[in-house]
Amino acid sequence: MARTFDIRKQTGFTALAITCFAVLYMPIVLLVVYSFNAGSSIAIWEGFSFRWYATAWDNDQVQAATIRSLVIACCASGIATFAAVLAALATTRTKPWKGQTLAFAMVNQPLMVPEIVTAVALLIFFAMIKVSTGYTGLGYLILAHSAFCIPFAYLPVRARLQGMDLTLEQAASDLYATPFQIFRRITLPQLFPGILAGAMLAFVISLDDVVITEFVKSAGQDTLPTYMLGQLRRVVTPEINAISTVLLAISVVMVIAFFFLSRVRK
Amino acid sequence: MADDLSPARAARERRSRLLLLTPAMIILLLAASGPLLIVLIYSFLTPGDYGGVVWKFSWDAWFSVVAERDFFTDELSFADAHLSIFWRSVKLSLMTTVAALIFGFPTAYFIATRPKRSRDFWMLLIMIPFWTNLLIRTFAIMELIRAEGTVNMLLLWTGIIDEPIQMLFTEFSIMLGMVYVYLPLMILPIYASMERLDFSLVEAAYDLYATRWRVLRRVIFPLVRPGVIAGSILVFIPCLGAYVTPRVLGGGKNLMLGNLIELQFGQGRNWPLGAALSLSLLAIVMVALIFYVRAVGRDGEKAHG
Amino acid sequence: MKRTILMSTAAAFLAAGAAHAEGVLNIYNWGNYTSPEMIEKFEKQYDVDVTITDYDSNDTALAKIKAGGHGFDIVVPSGTYVPIFISEGLLMESKPNEMENFVNMDPTWVDVEFDPGRNYTVPWQWGTVGVTVNTSVYGGDINTAAIFLDPPDELKGKINVVPEMMDIMSTTIYYVGGEQCTMDKEVLKKVRDTLVEAKKSWLSMDYGNIEKYAKGDLAAGVNWNGASLRSRLLNEAVAFGYPMTGYPVWMDNAAILADAQNPENAKLFLNFIMDPENAAMLSNFARYANGIKGSEAYLDPVMAQAPEVVVPDELKAAGVISKTCPPEAQKIYTAIWTELQK
């Protein structure tokens, strides 16, 4: 750009954004630092050591919980995003239809009810199914997580759809593209940032859930958050920091890989 | 084009709409709306002696949401304990939403104005902190802002303050914690609609001698409004029912709605009251959502009109 | 179709978890409360695979087990919840009193009100709810509930109270001269007024404050003895006081569930934890006393002589074993509790 006047600039926005990033990362830095604490405290520094990484590595319960959390989050965010994208296509950019508001309310309903309420209700409901079918696997947790992830995946997709231009699709339609072709070649690529945002949101929401999981889980189904909740009343050691740091490191590696991959592709 | 639909096409459209909605509806019916019906029924039953319910109809739960009979004087009065907890929740949730907007909007804008290929990278940078568990992040915030914590130490060291500020266990710390937790819910939808912002419109406005503030207010903001509204709703509603943050950062001294409801399902052993309180919360949320549907609906009309 | 795939994937997970279905035991217990060493020993000795699942409150555990379909064999409720579990028919009458290791039971804990003669339960850990005080901040008498109900000026604004409704209500009731589970209006009025007035001097109502006591963020508060012990290990000045007017004594107990799938392994386990050496392993991990005679010999020295664990003789009488209050009392207490936190 040759012009000196930057039309994208807004006074103070960059400063606010940087503050925002700083605030987001301050607690993270702290928790990484304390994962190397030699003492058994997450607040009192007693020297450097890898002791808590060793402890976490030896703790089967923590490991199993971490893997279970990731499995549930992957399944639930996948299912929720799939369902949410379809639902968003049905409820956006159409002529108003009977029951549209109802459908909208249904999709967003998990947002409106505090977790503890859904949790108690699900406990009662799922217990009935568990008793009558005898099946007590992870399916219940995945189903419950999918349900409360749907609105989180739905809203960004919907926001994206609403801002989308119809002309391209109309042009394609004029050129005799089939509805599926239009969707695959035009709608989906334009929609992609919304889908990605929705899936990521759903993933972290599932990863963080405590209350519903606590009530729905069966024997041997602790996730990382419920494992931590159990420790809340007693004592929290840097072991959790160590696990979090490992997860963080994995995600950072993934981000970097993603970044380079997308560079190569372009 | 939309006006001359033949009946056959209309039917086909209806069918595909139904098909598109089915997966979401099945999941939601099984794991969200269905169970909610149980809650509704429970709110009209009698509490069991040790939690749970007895299948006997009663209005008591709904009655005690708003009114109470004083145990000591036997006088009937407003349940001011419940009402003040309701008020605190609404107030803090609104404040949190505004704060999240103040920080989230510029951040989304910042990301949306980066070169195209680094945007995903910035978005992921927003998401990374959320890969770490909510509880452990909340503990870290606690450590940062407590009386002997990092922030106070820094402030003391730089000489800005002479005495540690009590930030932890105040409404401020609850708000800070909630902004932190829900910030991506604000940033993501705003970004999703801002990412497509057509800057030629902005340029046109500048060519017409608009100031930066005017461009922001009259051009950019209206274009990303659906995202802003979606973000605000996504932040406001979970805040109302927040449980972990008030418990850990608020020090549990002052309850929010989520904690009050949990108390009824837990130590208080009054499930019907818990159910009735939840449905009251639902009512507040409905008001917020009606506002959302209206606002978005207006935008939709504009886009198509 | 999609759901079938989902279900079968999930079923595969389940199958993977139960691969050694020959000998399994599912324990449902408080988080961070079960010694991994002890579990390992049990697994080796009996060739049983043990799974531990956590809960964070008695009420969650009760609600979950009542709903059914949970798959647990053993649960560890507090004494106040045992009668509820029994009356709801949730526990199996497993007769621990006829087991081999029952001879090791401390007689004090055999005829407890919540399970007379021990037909259902075996002690896990027991402890007291007292006050933790940083003696470098306040040098006066610490064996009083006034520490948090009528605090000296030095402590004001630096007090934490654990949000355990029944423990706080009971301690306050004893302080104003009432009895456990009282419904006396005069007493309860005093309780409410005392609490509402005292709350102004509290900083927080929170769990997990071991470090805050040690680091000086908190100077005093209501606390569990084991937690207070952990704080003292970090900071010598932290002491534990037993309110003279009365303090709650609690016990968590292991019991077999009525719908347990592995009752035989569960019985083996109950017998196993009544062995002094194994009980000591539990205590060394969780930092509370265990109610098994002879376990002292295996305790860490830091536990064996800790003033937080060994109640001084002159204060023993003030301890009141917590019992289950009637629902009417519970209702009034909840109202006062809500009023306090509004």
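**Chain C against chain A**

I looked up this contact and found that it takes 32 residues from chain C and 34 residues from chain A; two residues are in contact if their C-beta atoms, placed from the backbone, lie within 7 Å. On the chain C side, the elements giving two or more residues are α1 (2-17), β1 (24-30), β2 (49-55), α3 (58-67) and α8 (210-215). Helices (H or I, at least four residues) and strands (E, at least two) are DSSP runs, numbered from the N terminus. The largest share, seven residues, comes from α1(C). By class I noted 14 nonpolar, 12 polar and six charged residues on this side of chain C. Ala, Val, Leu, Ile, Met, Phe, Trp, Tyr, Cys and Pro count as nonpolar, Asp, Glu, Lys and Arg as charged, and the others, Gly among them, as polar.

**Numbering and confidence**

This is a predicted model, in which local features need pLDDT of at least 70 and side-chain atom pairs count only at pLDDT 80 or more, while totals for chains, interfaces and linings use all residues. Residues are numbered from 1 along each chain as its sequence is written, and chains are lettered from A and ligands numbered from 1 in the order in which they are written.

I checked pLDDT, the predictor's confidence in each residue from 0 to 100. Chain C averages 89, and 94% of its residues score at least 70. Over residues 1-21 of chain C the pLDDT is below 50, and this stretch has 16 contacts in the model beyond near neighbours in sequence. For the complex, the predictor gives an ipTM of 0.81 and a pTM of 0.85.

**Chain B against chain A**

Here I found 85 residues of chain B in contact with 88 residues of chain A. Helix α1 (residues 7-42) of chain B gives the largest share of the chain B side, 17 residues. That side divides into 61 nonpolar, 13 polar and 11 charged residues.

Residues 111-129 of chain A are 89% helix and 0% strand, with end C-alpha atoms 24 Å apart.

**One residue of chain B**

Leaving aside neighbours within four places in sequence, B:Tyr191 is in contact with A:Ala197, B:Ala108, B:Ile111, B:Ala112 and B:Met123.
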